[in-house]
Amino acid sequence: MIDLKKLQKEIYDNKVAKGFNISDFNFEFGLTYGELAEAFNAYRKKLPDLGEELADVVIYLFGLAAILNIDIENEILKKVEKNKKREYQKINGVNIRTKNA
């Protein structure tokens, strides 16, 4: 299994080594959004690089979390557990949350 903390550090260290942004949070959010848009475009057009575009999204998210000093592995694990405890009911074809975690 992959060590997400190690991966997050590798992504951040690469950003530093290559001289990429590590201080302008707004800019980084914009770049991350751009990568998600590229992934959506690849999906919509059935392009062969969809997997690579999704990887870019994750890389940018992990890098953003690193520059914001967020332990993304811990946050993901907490959120997965929270989501497991939530309950939903399908109403008019839409899942509506009926119990918060």
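Is leucine 64 buried or exposed, and what is its relative accessibility? Please start there, then take in the surroundings.

Analyst: This is a predicted model. Leucine 64 counts as buried, at 5% relative accessibility. The cut-off for buried is under 20% relative accessible area, so leucine 64 falls in that class.

Start with its position. Leucine 64 sits in helix 3. Leaving out residues up to four places away in sequence, it touches Phe25, Glu28, Phe29 and Thr32.

Take threonine 32 next. This residue belongs to helix 2. Its relative accessibility is 9%, so threonine 32 counts as buried too. Leucine 64 and threonine 32 are 32 residues apart in sequence. In space, their C-alpha atoms are 8.1 Å apart. Seen from threonine 32, the contacts are Tyr60, Leu61 and Leu64, with neighbours within four places in sequence left aside.

Now widen the view to the two helices. Helix 2 covers residues 25-44, and helix 3 covers residues 50-67. Their axes come within 8 Å and cross at roughly 165 degrees. That angle makes helix 2 roughly antiparallel to helix 3. The cut-off for that term is over 145 degrees. The crossing is left-handed.

Helix 2 contributes Phe25, Glu28, Phe29, Leu31, Thr32, Glu35, Leu36, Glu38, Ala39, Ala42 and Tyr43. Helix 3 contributes Leu50, Glu53, Leu54, Asp56, Val57, Tyr60, Leu61, Leu64 and Ile67. By type, the residues of this contact divide into 14 nonpolar, 1 polar and 5 charged.

The loop between helix 2 and helix 3 holds lysine 46. Lysine 46 has a positive phi of about 55 degrees, although it is not a glycine. Its relative accessible area is 71%, so lysine 46 is exposed. Leucine 64, in contrast, is buried.

Helix 3 also meets helix 1. The axes of helix 1 and helix 3 come within 9 Å and cross at roughly 85 degrees. Helix 1 and helix 3 are therefore roughly perpendicular to each other. On the helix 1 side, the residues are Leu4, Leu7, Gln8, Ile11, Tyr12 and Lys15. On the helix 3 side, they are Ile59, Phe62, Gly63, Ala65, Ala66 and Ile67. The residues of this contact divide into 9 nonpolar, 2 polar and 1 charged. Ile67 of helix 3 is listed in the contact with helix 1, and also in the contact with helix 2.

Helix 1 has a further partner in helix 4, residues 72-85. Helix 1 and helix 4 pack at an angle of about 135 degrees, with their axes 8 Å apart. They are therefore oblique to each other. Leu4, Lys5 and Gln8 of helix 1 make this contact with Ile72, Glu73, Asn74 and Ile76 of helix 4. The residues divide into 3 nonpolar, 2 polar and 2 charged. Leu4 and Gln8 of helix 1 take part here, and they also take part in the contact with helix 3.

Aspartate 3 is partly exposed, with a relative accessible area of 41%. The C-alpha atoms of aspartate 3 and glutamate 73 are 8.5 Å apart, although the two residues are 70 residues apart along the chain.

The strands complete the tour. Strand 1 covers residues 87-91, and strand 2 covers residues 94-99. They run antiparallel and are joined by 5 bridges. Isoleucine 91 has valine 94 as its bridge partner in strand 2. Lysine 90 stands opposite asparagine 95.

Asparagine 92 is exposed, with a relative accessible area of 78%. Lysine 46 also has a positive phi of about 55 degrees.

Back to the starting point. Leucine 64 is buried at 5% relative accessibility, and its contacts include Phe25 and Thr32.

Terms used. Residues are numbered from 1 along each chain as its sequence is written. This is a predicted model: local features need pLDDT of at least 70, side-chain atom pairs count only at pLDDT 80 or more; totals for chains, interfaces and linings use all residues. Side-chain values use heavy atoms; hydrogens and water are left out. Axes are lines fitted to C-alpha atoms, for helices over the stretch in contact, and angles run from 0 to 180 degrees between N-to-C directions. Helices (H or I, at least four residues) and strands (E, at least two) are DSSP runs, numbered from the N terminus. Angles under 35 degrees count as roughly parallel, over 145 as roughly antiparallel, 65 to 115 as roughly perpendicular and the rest as oblique. A crossing is left-handed if the near helix is turned anticlockwise from the far one by less than a right angle, and right-handed if clockwise. Contact means heavy atoms within 4.5 Å. Ala, Val, Leu, Ile, Met, Phe, Trp, Tyr, Cys and Pro count as nonpolar, Asp, Glu, Lys and Arg as charged, and the others, Gly among them, as polar. Two strands pair if DSSP finds at least two bridges between them. Buried means under 20% relative accessible area, exposed over 50%, partly exposed in between (1.4 Å probe, protein chains only).
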